[in-house]
Amino acid sequence: MRKPDDIFEPSLYTATRRPREQAETLPHWVYTDEAWFEREMDTMFRPAWHFAGLATSVPNPGDFFTLRLLDEPLLVVRGDDRQVRVFRNSCRHRGALVQEQAAGTCRGLRCPYHSWTYSIEGVLKHAPGLEGYSRDELAGLGKDLLKVPSGVREGLIFVHLGDPATSPTLDAYLGNYLSSVAAPHQTAQMVAVQQREYVLESNWKLYVEVDMETLHTKHIHRGSIGEQPVTVPASEGNWIGVYHESPDTPALHPGERQSGFPHTQGLTGPAAKGAHFSILLPGFFLVTAQDVMWWIHKIPDSATHTRVRVGYSFPASTIERDDFDEVSKRYYKRLNQVVEEDDWITEYQQKGLRGSAPGCYVPEEHVVHRLDNWILDQVLDAR
Ligand code: FES
Ligand SMILES: [Fe+2]
């Protein structure tokens, strides 16, 4: 199927707009075209609130971690007032990285280039080359670290890299996710134990779609998940998800599920009886199970390359257990295997897409149909 000249013409997508039973999947250029990708950045990624990390990763004043999001360097640090702030990790003198370590603890932030120094609240304190300046004159320069709009909800740190004036507030963005998933699952108790980042040769949407359908689990995850029936919880705001009810953890291989860690204390409602697999749109996949929380964050680098940030976390009370090192190995084995299987299938799918004709959505893919229509809403409504 040839790519048309105007890929933003809405009539090209009427087949995806039909009810799921008659709908066709998105055309291939949506997964390969750089102009489409740029439109997604403008309409979905820049106006969105993005997950940056866990508040438990910076428990004390001076604790920090760094990350890149939408290719911008960021620095997350807890101040002496115990507030978590997010700054652009760029020195206000001439733009060098202020902090290059992935994580640590500091009493101040010193840029290595010319040693401009900032407090952990981001205030410029010392500026070689401007020794004669009084404290007030330094403040008058307006060269404190640039703050990025951020917020902590249920232990999850979110940041916003677009124009806040034209974007929803964090709470409006998350809708009922906090009250119906995050709080009942006690996400604030979770402590990250493993995190990694890498780039896949696939479009970010393929990885979000695979997270939202159960048809592939009995094929791609035959030995790691098996069948996993799900229901769809009501979602308001910018998230969608599925729920799998089971007394046993989904984070171990099928034969080992009885021998997992105890449930997190304080789970309520459906959170006590199963796991939520949620996408905080556009690309943050967060699984909240009774004993563990993990995420696979998909951040596009380009139309055909996706930066993937993977993290595993447990409640502090689990990490303190004597058997944590031994039992957690079984979790990592199962979680790593499933991530590798999904990494593989999305890269494999990408190879076959160019020039392909649209397919269809089977019943197990109804959330994918909903997701693809949400993407069309964002990209085409901005026309
Ligand atoms: S660029 Fe940071 S001190 Fe000069
Ligand atoms: Fe999968």
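**Reading the cavities**

Modeller: Begin with the lining of the largest cavity: strand 1 (49-54) and strand 15 (293-302) each supply at least two of its residues. Strands are DSSP runs of E, at least two residues long, numbered from the N terminus. The model is predicted, so local features need pLDDT of at least 70 and side-chain atom pairs 80 or more, while totals for chains, interfaces and linings use all residues. Residues are numbered from 1 along each chain as its sequence is written, and side-chain values use heavy atoms, without hydrogens and water.

Biologist: What is a cavity, and how many are there of 30 Å³ or more?

Modeller: Rolling a probe the size of a water molecule over the atoms shows where empty space is left. A cavity is a set of points on a 1 Å grid over the protein atoms alone where a 1.4 Å probe fits but cannot get out; lining residues have an atom within 4 Å of a point. Here the count is 2.

Biologist: What is the volume of the largest cavity, and which residues lie nearest its centre?

Modeller: Its volume is about 60 Å³, the space filled by probe spheres set on the points, which are joined across faces, edges and corners. Of 13 lining residues, H50, L280, G283, F284 and H297 lie nearest the centre.

Biologist: Where does the second largest cavity lie?

Modeller: Domain 1 (49-153 + 162-166) and domain 2 (176-381) both give residues to its lining, so this cavity lies between them. Domain bounds come from an automatic or database assignment. The second largest cavity has a volume of about 50 Å³. Its lining residues include R68, D71, E197 and R307.

Methods
Chains lettered and ligands numbered in written order. 1 Å grid on protein atoms, 1.4 Å probe; cavity = no way out; pocket = protein on both sides within 12 Å on 5 of 7 lines; lining within 4 Å. Helix = DSSP H or I, 4+ residues; strand = E, 2+ residues; numbered from the N terminus.
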